[in-house]
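Open the model in your viewer and keep the selection tool at hand.

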Amino acid sequence: MAPLIEPRAGDAEDDFSSTKKRSLLAIAGSLLGEINLPKLALAWVILALVPGVLLGLAPLVATAWFASVADRLFALAGIGSLLLLALIAVAGWYGFRPLLRLVERSFWSLNSLAVQPVYALCREGLRHLAERFLTVGASEDKRAALRAATAIGAGLLASAGAATVVGLVWPATRWSGEFADLVHPLRLLVPALANTVAVMAAYLALASLAWGLADGLMDQPRDLGGFDEAPEQARRWRVVHLSDIHIVGERYGFRIESGRAGPRGNERLGQVLDRLDEIHAAEPLDLLLITGDMTDAGRSAEWAEFLDLMVRHPALAERCLILPGNHDLNIVDRANPARLELPTSPGKRLRQMRTLSAMAAIQGERVQVLDRERAGLAGTLAAALEPHREAIGVFADAGTLRLSAGLSTVWADVFPMVLPPAEEDGLGVILLNSNAETHFSFTNALGLVAEEDLQAMLAVLRRFPKARWIIGLHHHPVEYPQPAKAFSERIGTALINGSRFVRQLKPMAHRLVAMHGHRHVDWIGRCGPLKIVSAPSPVMEATDDMPTGFYIHTLAAAADGGLALLAPERIEIAPRPPAALSS
C-alpha cells in the first residue's frame, strides 16, 4: 500500500526557510516564535552593547587619563619632567594600544553589521518601489538613471535620519572625563552609550551621503550588449562557471532556500558533472570554477558528498577551483533557522575549517597564498596549512573554544588565494572570501570584501601587470539592472562595499572578468569597463522534472593586452523522467 504521505516528496517542514515558497515576512514571524531570547540578549550584549560601551568610553577615559598626567607634569620642572613625560608616553602607548585595537575592531564590526546595511536597506527599498513605476520596455539608460537617482536619494534619506538621531541623543553625551570617573566607572555607562549612538549616527549621516553620491555617480551596471571577438590564433581558455550547487547530505534532502521548489538529493549535480566529463573528453576544458555555496549548510556529510563526487570525476577535480559561499559558512543550523550562535561559539570556526579542508583537498597544491606583508606570493595553500594540520584535526575532533581561538588567524590569512598565470601574459585566478561575519542564519547572506583583502588583491594585480585575471567571489558586486520579483531577493545580498570594489578595479578592468554566484541569476553585464558574469544555479531554481543549465565561457587574449569575453556556450541539463523521481 502506498504511504499516506510520500516521504520522498517532502512536506511543509522542508519549506520552513524557503524564500521560494514563503514570504520574507512569514519566515521572520516563524523565526521570532522559535528564537532563544536569552541567547539573543547575550549575543546583543557581546556584539553591540560591549563594543558600544567601549567606543563611547574611549574619549572619556582618554581625557581623564591625560588630565591626570597633565596635573603631575605641571608639578614638575626641568629635565625630570621631560623624562617623566617620555616614560608616561611609552607606558600609555603600550597600555592603551590593546584597548585602541579593540575599539577599532568593535567600530568596524558595528559598521558592517548595523550601519552600512541601513543605507543598503534604504537604497534597495527605494529602487524596489521605483521600479514598479517603470514600463516593461523602459530603456537601459532610463533604468541606469533611476538607479543613480535612488542611490543618491537613499544617501540623503539615511543621512537625514541619522542626523535626527544625533540631535536626539546629543544632550546625554559627554566627551571629557575626570580622574574621579576612573574610580567610579559605572557613572560613565549612560554617557558612554550616548556617545556611541552619536558617533555611529554621525558616521552614518556622513557615510550614507558619501555612499549615495559614490553609488549615484559611479558607472551603473548594464547588460553587456555584445560579446568580444578574438583572432583565431589568439590564446583561449575554456572556463566552466558553476555556482550554488548546494549539496545536501541526505539522499532525498531538499535545499533550505528552495525547499520543495527545487530538486531533491544530489542527482542533478551528478548529471552536470557527467555531462562535463563528456564535454571535456571531446574538447578539453581549462578550468572549472565553483563560486561558492558548494554545500547547503556547511555540514560534514555535505562536504563528504562533494568530495566523493570530485573523486568520481578526477579530470574535473584537477581543474576545479572553489571559494566559500554564505551557505558554507553562515548557516548555524539547517534544521532550526531560528538558532542563534554566540560570537564565542566554536561552530563558526568549525565550518570555516571544514571549508578550508575541502579547498586544500581540491586545490591546495595549485593555488598560492600571500606573504605576511600581503604584497607577494608565499607558497601553496597546502604548504601554508601544513604547520596547522595537527591543530585543525584536534579542533575538529574536540571543537572547544580554546582550540578555536588558536586558529583565529588561519582562516583570514589564506585569502585571497591566487592561481598564478602560467606565463606573464597568461590567465590567473584570484579567489576572494566575500562573506560578512554573522551568527544568525536569517542574516547569513551579507557580503563584504575586507579592505585588507581588497588591497592584497590589488597588490597581486600590480605584481603581474601583463596577466589577465578572473576575479572569483561569491556575492555580486552590484545589484543587477533588472527588476526583482520580491524584495527578499535583493536586500542584504550584494556586497556592502560593492561600489568601492568596482571603483578599485576600474583602472585595470580591461584585463579582468569578475565571476560570482549567490543570487542564482543568469546575467552577464558590465559596470563601466569591468565585465561581470553571474552564474545560474544548476540545482536551485527548478524541480527535478524541469530543465536547468549552466555556461562554459571562452576567454581569449585580446590584441591590446586585455581579456576578451567571447560568446558563451549554454549547456542544458534535461529533466529527469517522472518514473525516476520515485526511484
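Buried means under 20% relative accessible area, exposed over 50%, and partly exposed in between (1.4 Å probe, protein chains only). Helices (H or I, at least four residues) and strands (E, at least two) are DSSP runs, numbered from the N terminus. This is a predicted model: local features need pLDDT of at least 70, side-chain atom pairs count only at pLDDT 80 or more, and totals for chains, interfaces and linings use all residues. Residues are numbered from 1 along each chain as its sequence is written, and side-chain values use heavy atoms, with hydrogens and water left out.

**Stop one: a strand.** Select β10, residues 512–516. Five of its five residues are buried. Leu512, Ala514 and His516 lie on one side, Val513 and Met515 on the other. Strands pair if DSSP finds at least two bridges between them. Isoleucine 470 has valine 513 as its bridge partner in β10.

**Stop two: two helices.** Select α11 (residues 347–363) and α13 (residues 389–398). They pack at about 130°, with axes 10 Å apart. Axes are lines fitted to C-alpha atoms, for helices over the stretch in contact, and angles run from 0 to 180 degrees between N-to-C directions. Contact (heavy atoms within 4.5 Å) is made by Arg349, Leu350 and Met353 of α11 and Ile392, Phe395 and Ala396 of α13.

**Stop three: one residue.** Select arginine 127 in helix α3 (residues 79–131). Arginine 127 is buried, at 4% relative accessible area.
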